[in-house]
Amino acid sequence: MNEHWKNIVSSHLENASGPLFVVVGPTASGRTVFSIDLCKHIGSRAEVINADSRQLFTDLDIGTAKITEKEMCNVPHHLIDVLDPKTEATAGWYQVKARECIADVYARGGVPVLAGGSMLYVSTIIDNLSLAGHPDEQLRTKLMDDYDKDNGEAMYKKLQKVDPEAAKKIHQNNKPRLIRAIEIYELSEQPKSEVVPPIELRTGKQSSDYDLCIFGINRPRESIVSRIERRLDQMFDDGWLQEVQSLIDAGYTQRDPGMKSHGYKEIMTYLQENTPQTIEELKKNIASKTKAYAKRQVVWWK
């Protein structure tokens, strides 16, 4: 962090009554390193709130580039390793939990730093989006049981009736999304398509509850592509295949929410279905999807 940025940080700390620093940018852009440098400049009061949806899950470490204890440099981190990969994470749930973490940091006299690349998750905090409520555990359990009775056939027919727009976008076999759509309808008595604002429209945006200082990391496209490819090679060298195999051995499947993370589903297919793919072809497939995701992130941040 150069002197220019340090001066901006110091000025914000001096003038803001409820400072919230935010670090965003595409995957492999160097957010983690920058956020730690930012915290070091802020001092011992700084605490990081994770805004990467994939790092919420336990046991998904290598493929999510999850920050290690050594990399944390003694900076407290929150909302990492808090969900089982079988548990669905929603923007509404994240909004509630992140706000609680920020309030806790303030209560200790600390300075929160929100860092991550999940666009909607960040937006729930900095734009104060109005979203559907977080899941109801009793209702969720009932709906999961109902789904398992006939593999979601009756539930999907219900969704087609109460929310045909959502039904067009959700496959009957997509258990987490189907259950969530019905859950939203049951909780709000409104279709999911009317309750949750489309991501591309970012509707429901309001002024933030916090005094924001946002750092957006921007690199040339060719630099991001190169960094993604190098990081992917490192992930495989670090044992990503073995990590996914251990998840399979523990009973996780491609349908589990945590396996939506880039690469996990593809590696599961590679390990389980004896595809003719080579490791290099597998890497190329994952890299292509990761690059496309990074491009979407850049468009969002702009």
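Q: Where is the place of E229?
A: E229 sits in helix α11 (residues 221-237), where a helix is a DSSP run of H or I of at least four residues and a strand a run of E of at least two, both numbered from the N terminus. The model is predicted, and for that reason local features need pLDDT of at least 70, side-chain atom pairs count only at pLDDT 80 or more, and totals for chains, interfaces and linings use all residues. Residues are numbered from 1 along each chain as its sequence is written, and side-chain values use heavy atoms, with hydrogens and water left out.

Q: Why is E229 called partly exposed?
A: Buried means under 20% relative accessible area, exposed means over 50%, and partly exposed is what lies in between, with a 1.4 Å probe and protein chains only. E229 has a relative accessible area of 37%, so it is partly exposed.

Q: What makes H171 count as exposed?
A: The relative accessibility of H171 is 52%, and therefore H171 counts as exposed. H171 is placed in the loop between α8 (164-169) and α9 (175-188).

Q: Which backbone nitrogen does the side chain of H171 reach, and at what separation?
A: The side chain of H171 reaches the backbone nitrogen of N173 at 2.9 Å. A polar contact is a pair of N or O atoms within 3.5 Å; within protein, one atom must be able to donate a hydrogen and the other to accept it, and residues adjacent in sequence count only if both atoms are side-chain atoms.

Q: Is E183 called buried or exposed, and why?
A: E183 is called buried because its relative accessible area is 0%. This residue is in helix α9, and its side chain makes a polar contact with the side chain of R140 at 2.7 Å.

Q: Which residues lie nearest the centre of the second largest pocket?
A: K86, T87, E88, R140 and M144 lie nearest its centre, among a lining of 20 residues. A pocket is an open set of points on a 1 Å grid over the protein atoms alone, where a 1.4 Å probe fits and protein lies on both sides within 12 Å along at least five of seven lines, and lining residues have an atom within 4 Å of a point. The volume is about 410 Å³, that is, the space filled by probe spheres set on points joined across faces, edges and corners.

Q: What gives the most to the lining of the second largest pocket?
A: Helix α6 gives the most, with 5 residues, and α6 (137-150) and α9 each supply at least two. The lining divides into 8 nonpolar, 4 polar and 8 charged residues, where Ala, Val, Leu, Ile, Met, Phe, Trp, Tyr, Cys and Pro count as nonpolar, Asp, Glu, Lys and Arg as charged, and the others, Gly among them, as polar.

Q: How do you know that A28 is buried?
A: A28 has a relative accessible area of 10%, so it is buried. A28 lies in the loop between β1 (19-24) and α2 (31-42), and its phi is positive, about 70°, although A28 is not a glycine.

Q: Why is N151 called partly exposed?
A: N151 has a relative accessible area of 33%, so it is partly exposed. The residue is in the loop between α6 and α7 (153-162) and, although not a glycine, N151 has a positive phi of about 55°.

Q: What makes A51 buried?
A: The relative accessible area of A51 is 0%, and therefore A51 is buried. A51 is found in the loop between β2 (46-50) and α3 (69-72), and its C-alpha atom is separated by 8.5 Å from that of M119, 68 residues apart along the chain.

Q: How do you know that the chain is as compact as a globular protein of that length?
A: The chain has 14 helices and 5 strands. Its radius of gyration is 20 Å, close to the 19 Å that the globule rule gives for 302 residues, so the chain is as compact as a globular protein of that length; the radius is taken over C-alpha atoms, and the rule is 2.2 Å times the number of residues to the power 0.38.
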